[in-house]
Amino acid sequence: MDLDALTGCLASSACLVTQTTSGFIIGMLLFLVAVGLTLIFGVLKVVNFSHGAFYMFGAYFAMTAYQFSGSFALAMLCGAAGTAILGLIFERVFMSRVYGADVLMQLLVCYAFVLIFDDVVRMIWGPEFKSMGMPAAFQVVPLFIAGGVVPPYYLLLIGVALTAAMILGLGLARTRIGKVIRAAAHNPGMVSALGINTGLIYGGVFALGGMLAGLAGALAAPVRSLTPGMGFSVLIESFIVTVIGGMGSILGALIGALLIGMIRSFGSLGFPLFTEGLMYLFMVIVLVSRPTGLFGKEVA
Amino acid sequence: MLEIRSLSKSFGGVKATDNVTLDFTDGSLTAVIGPNGAGKSTFFNLITGALTPDAGQILLNGLDLAGRTPPEIVRHGIGRAFQVASIFPSLTVQETMLAAVCADQRKASVLHRRFPLAETRDRAENAMELLGLASKRNRTAATLSHGDQKLLDIALALVLDPKVLLLDEPTAGMGTEERWRMIEKVRDLWETQKITVVFIEHDMDIVFKIAPEIVVLCYGRILATGKPDAIRRNEAVIEAYLGTEHHAGITV
Amino acid sequence: MTELQAEQGAQALEVPREAKTRRNRDALIALAVFVVLALLPTVFSSKLLLDFVIRCAAYGLFATSLNLLVGYTGLISFGHGMFFGLGAYGFGLMMQKTGVPVPAAFVATLAITLVVALVIGAICVRLKEIYFAFVTLAFQMLIHSTILSWVSLTGGDQGLRGGIPRPPFLGIDLSNQLHLYVASCALLVIGLFLMHQIAQSPFGYTLRMIRDNATRASFIGIDVWRAKLTIFVLAALFASTGGIIMALFVSGAYPEFAYWTISGEGIFINMLGGVTTFLGPMVGTVLLLILNDTVTRLTDYHGLVLGIVILFFAIGLRKGLMDFVVEWYAQRRNGAGERG
């Protein structure tokens with residue numbers, strides 16, 4: 001424990017800015033992964049245990065695309081589009097077979113894919129740590145805000161994630177597809193009775209969730225090291241986020257992700273070894289006081 | 001004697017049970033009727049502890065049970081069966097009965113003996129005989145017919161030797177013939193077991209033929225109580241029924 | 001089809017006498033199994049085989065205790081592995097730091113587990129399904145993080161190193177592999193016997209009722225919360241015993257013992273073997289360990305192969321191996337009955 005470091009940081013504006021920014025990017029990446037999880041749970045009532053793998057694939061796709069083309073934009077596109085296709089295939093070919101079955105069976109299928117995907121990545125890209133490297137366009141002098149260092153890439157990352165959140169929120173609230181998805185979450189029988197193809201919606205939601213996680217992975221690729229199994233810690237943290245925010249709530253995912261981001265960022269100063277423990281502790285406290293999460297609907 | 005005193009419960013401003021005061025004398029057979037949404041099931045849920053009343057008392061032989069948990073209330077002698085048969089799908093009829101007696105004898109958490117316990121056998125056997133389920137003892141509950149599942153639900157309540165038995169629509173989801181068989185069974189049980197029985201029923205032919213006492217609920221209030229003849233002539237009741245749904249059973 | 005039903009057939013009135021003989025019969029079977037296991041080294045003196053059985057004992061106790069929660073009570077715990085880790089670390093630390101005799105450390109570790117499980121269980125069992133799963137997982141990770149960060153006590157990510165002292169007691173020397181083997185077999189057989197007793201006791205049927213329909217159970221006078229807490233704590237004790245065997249076996253304790261993957265493997269073992277029979281998890285344990293060992297030997301991509309096997313069970317069979325066997329047997333018997 002190092003409470004002096006924490007209080008020292010809280011007193012300095014430079015440190016405050018740096019840690020807050022770092023909390024923001026952790027939170028934003030988590031949000032992109034968690035919102036897919038929460039969406040899939042909300043519509044399909046499936047806890048996608050293999051969701052972290054999409055994050056991992058997003059990062060690896062982006063790295064490979066960047067190495068071949070040198071274009072950062074193309075790398076992001078490949079990361080997002082590749083995982084969207086992967087999500088669609090995964091849902092249509094495998095998950096759709098276990099919807100009626102026990103929750104445990106669904107979890108097992110996901111667990112199997114966690115193992116398989118990690119090994120597939122090891123086969124293709126090798127077991128060692130990889131790095132995509134910061135694109136040239138962002139290798140510029142960092143910004144100084146109130147004395148704190150903020151790399152410009154962080155601003156882009158936060159911007160992209162917030163834009164995605166806004167498009168998603170507006171899309172679900174305002175568009176026809178959004179309405180259909182919300183209706184499917186509420187009453188799947190009714191939606192299929194109205195002649196809407198629920199299989200298409202389910203596949204679409206999985207693809208969307210996969211795409212968002214892939215985008216997060218792609219965005220993270222320049223600033224994190226890539227390794228098989230990298231999806232898992234993200235997955236666990238996204239679970240915490242969705243559970244804190246309330247399963248099925250997008251706003252909850254955003255707030256939960258930011259909270260966890262800040263806990264990680266500031267916690268690493270005060271409790272360097274117990275940072276993860278802090279998150280779990282926080283989750284326990286939230287769930288004990290509000291069993292359905294901060295923004296979850298009360299179930300009678 | 002079960003005495004309900006000023007029992008009230010509202011859900012977000014809607015008064016589902018509104019200041020209900022009622023007496024059920026020992027050994028009585030009472031039908032609770034009322035249009036859909038009259039608060040009949042809420043009334044049962046309050047008495048059995050599934051819901052906590054906002055106000056009022058539920059006195060069983062003078063002891064107030066209002067606000068207690070379902071297990072406590074059951075142990076004081078108020079048993080219930082559900083509108084949709086509430087059973088244990090993977091247990092057999094016999095296991096269900098034996099386990100229920102076990103619970104009633106406060107042996108549900110016994111670890112050092114084997115199930116079933118010898119002392120639970122006679123009561124379980126008795127309940128199965130009473131409801132005609134003995135021949136189906138080794139069938140799992142999930143494989144029983146709808147009617148048998150309803151009987152098993154009632155048997156589950158009855159095997160606990162309740163003082164008061166609450167039956168929420170024992171004839172729900174049955175054809176005419178099956179309804180009559182079921183209600184005859186309920187009447188038999190009432191006569192032979194000498195317990196207080198309160199049941200909710202929609203079929204007015206059944207109600208007026210079977211129930212010596214009738215309670216009419218409407219919008220959470222008691223509209224009328226009394227013998228079938230009195231209820232049949234009650235202006236308010238006719239108004240309530242004719243006003244909402246014209247029912248063949250009510251004729252002036 | 002339940003076990004009781006299968007055993008009884010249609011003769012209902014013979015129930016109570018059978019109940020007693022069934023327990024005596026189980027005790028005899030347990031004794032016989034123990035004797036066979038204990039004599040195994042005289043026939044096969046392979047060190048590998050003994051190691052394998054010891055690992056089966058550790059994981060088998062853990063997985064079977066998880067089935068008391070998942071299969072019998074319908075409580076899907078994602079954090080049951082925390083008690084496995086707690087057992088390993090509790091026992092290892094007790095032996096390293098205090099130097100008390102082995103049996104005393106064993107009992108003390110179970111006592112600590114009891115208290116921890118009581119506190120965590122009291123918080124968790126009131127939560128509904130998926131939330132119960134996640135909060136147990138969170139507690140598991142909390143314990144794991146604590147182990148990692150409390151370096152002065154636990155050795156952090158290095159684990160408890162330097163070996164666990166195992167002073168001989170009553171002529172039993174657990175640092176001798178043969179002695180450890182026999183002791184593990186004894187713990188396994190006793191543990192399984194006790195858990196089978198729990199499953200077949202009136203309380204075991206209370207658990208089945210809660211799994212099937214908790215609301216109805218409360219309306220026949222069962223205190224659901226208390227029953228769930230009781231089985232949560234009991235299962236924790238057996239999981240902890242598994243952890244103790246593991247600590248004795250590797251003469252140490254590592255953070256992986258408390259990591260969530262232990263819980264994941266436990267659930268997987270249960271699915272592999274099947275949750276509707278008592279011995280399903282034991283069969284699953286043996287299967288998974290054999291699978292793990294062979295796959296690790298044959299290929300580097302051990303997750304890939306394991307994943308495909310899991311998929312086969314989850315999508316192809318849709319049930320555990322023992323469930324499959326039991327159903328197949330029942331169908332065959334029914335088929336024969338119809339023909340005859």
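**Helix pairs in chain A**

I started with two helices of chain A. The axes of α4 (residues 72–94) and α9 (residues 198–220) of chain A come within 7 Å and cross at roughly 145°. Axes here are lines fitted to C-alpha atoms, for helices over the stretch in contact, and angles run from 0 to 180 degrees between N-to-C directions. Helices (H or I, at least four residues) and strands (E, at least two) are DSSP runs, numbered from the N terminus. I noted a right-handed crossing where α4(A) passes α9(A). A crossing is right-handed if the near helix is turned clockwise from the far one by less than a right angle, and left-handed if anticlockwise. I sorted the residues of the contact of α4(A) with α9(A) into 14 nonpolar, 9 polar and 2 charged. Nonpolar means Ala, Val, Leu, Ile, Met, Phe, Trp, Tyr, Cys and Pro; charged means Asp, Glu, Lys and Arg; the others, Gly among them, are polar.

A note on what I am reading: this is a predicted model, where local features need pLDDT of at least 70, side-chain atom pairs count only at pLDDT 80 or more, and totals for chains, interfaces and linings use all residues. Residues are numbered from 1 along each chain as its sequence is written, and chains are lettered from A and ligands numbered from 1 in the order in which they are written.

Next I looked up α11 (residues 250–270) of chain A. It packs with α12(A) at an angle of about 145°, the axes 9 Å apart. This crossing is right-handed. From α11(A) I listed A:Ile260, A:Ile263, A:Arg264, A:Gly267 and A:Ser268; from α12(A), A:Thr275, A:Leu278, A:Met279 and A:Phe282. By class the contact has 5 nonpolar, 3 polar and 1 charged residues.

**Core**

I then checked the largest nonpolar core, which has 286 residues. Such a core is a set of buried Ala, Val, Leu, Ile, Met, Phe, Trp, Tyr and Cys residues joined through C-beta atoms within 7 Å. A residue is buried if 20 or more other C-beta atoms lie within 10 Å of its own, exposed if 12 or fewer, and partly exposed in between, with C-beta atoms placed from the backbone. A:Phe31, A:Leu32, A:Ala59, A:Ala62, A:Leu108 and B:Ala155 touch the most other members. I followed A:Ala59. Not counting residues up to four places away in sequence, A:Ala59 touches A:Gly79, A:Gly217, A:Ala218, A:Ala220, A:Ala221, A:Leu226 and A:Met230.

**Sheet in chain B**

In chain B I found an open sheet of 4 strands, ordered β2-β1-β4-β5, with antiparallel pairing. β2 (14–24) and β5 (63–64) of chain B stand at the edges with a single partner strand each, so one side of each has no neighbour in the sheet. Two strands pair if DSSP finds at least two bridges between them. β1(B) and β2(B) pair over 7 bridges. One bridge sets B:Lys9 against B:Thr17 in β2(B). Their hairpin has 2 residues between the strands, and B:Gly12 takes a positive phi near 50° there.

β4 (residues 55–60) of chain B and β5(B) pair over 2 bridges. B:Leu60 stands opposite B:Leu63. B:Asn61 lies in the loop between these strands. Is B:Asn61 buried or exposed? I count 11 other C-beta atoms within 10 Å, so B:Asn61 is exposed.

Helix α1 (residues 40–48) of chain B lies across β1 (2–11), β2 and β4 of chain B, at about 65° to β2(B). I find 8 of the 9 residues of α1(B) buried, including B:Phe43, B:Phe44, B:Leu46 and B:Ile47. B:Gly49 follows α1(B) and has a positive phi, near 90°.

**Chain contacts**

Which chains touch with the most contacts? Among the 2 pairs that touch, chains B and C have the most. Two residues are in contact if their C-beta atoms, placed from the backbone, lie within 7 Å. Chain B gives 36 residues and chain C gives 33. On the chain B side, α2 (70–75) and α3 (93–104) each give two or more residues. α3(B) has the largest share, 7 residues. I sorted this side into 20 nonpolar, 7 polar and 9 charged.

No contact joins chains A and B; their closest C-alpha atoms lie 11 Å apart.
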